[in-house]
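Thanks for passing this one along. Here are my notes, in the order I would go through the model with you.

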Amino acid sequence: MRCILCGGKTIEKIVAHAEFGVLIGDFKSSVCEKCGETYFDEKTAGKIQEKSKELGLFGLAKKVKVAEVGNSIAIRIPRQIAEFLSLRKGKDVILSPRTKHDLHIEV
Ligand SMILES: [Zn+2]
């Protein structure tokens, strides 16, 4: 197949796939020789999704609204993400903007 992003040639490879820094496993994929983009066929994508659900990683990225608390603003961290990060009330975290559109939270 050809890469959808750059038109480069792809080769079959077994690649280690991780989500949110957690290794899901090794899967058959087509990897672009030019840009490195990885493609999974439908069956493999299904296997990855199944494993991701088993590990509690599926749907971990969430959209939340910014709220106002007194003079500050607050962003609620959904329970599933808090549990993944072992984040508890009273724990110190470090907020560092990476760009004007990306906030990193170190726990
Ligand atoms: Zn490519």
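The points below cover the basis of the model, the domains, the strands and the helix.

1. Please keep in mind that this is a predicted model, in which local features need pLDDT of at least 70 and side-chain atom pairs count only at pLDDT 80 or more, while totals for chains, interfaces and linings use all residues. Residue numbers start from 1 along each chain as its sequence is written.

2. The chain splits into domain 1 (10-54) and domain 2 (66-106), with bounds that come from an automatic or database domain assignment. Taken over C-alpha atoms, the centres of domain 1 and domain 2 lie 29 Å apart.

3. Strand 1 (residues 10-19) pairs with strand 2 (residues 22-32) in the antiparallel sense, over 10 bridges. Strands here are DSSP runs of E with at least two residues, helices are runs of H or I with at least four residues, and both are numbered from the N terminus; two strands pair if DSSP finds at least two bridges between them. Val 15 has Phe 27 of strand 2 as its bridge partner. Two residues sit between the strands of this hairpin, where Phe 20 takes a positive phi near 55°.

4. Strand 2 also pairs with strand 3 (residues 38-39), again antiparallel, over two bridges. Ser 30 is bridged to Tyr 39 in strand 3. This hairpin has five residues between its strands, and Gly 36 in the turn has a positive phi of about 85°.

5. How far apart are the end C-alpha atoms of helix 1 (residues 42-54)? They are 18 Å apart, which agrees with the 18 Å that its 13 residues should span at 1.5 Å a residue, because the expected span is 1.5 Å times one less than the number of residues. After helix 1 comes Gly 56, with a positive phi near 70°.
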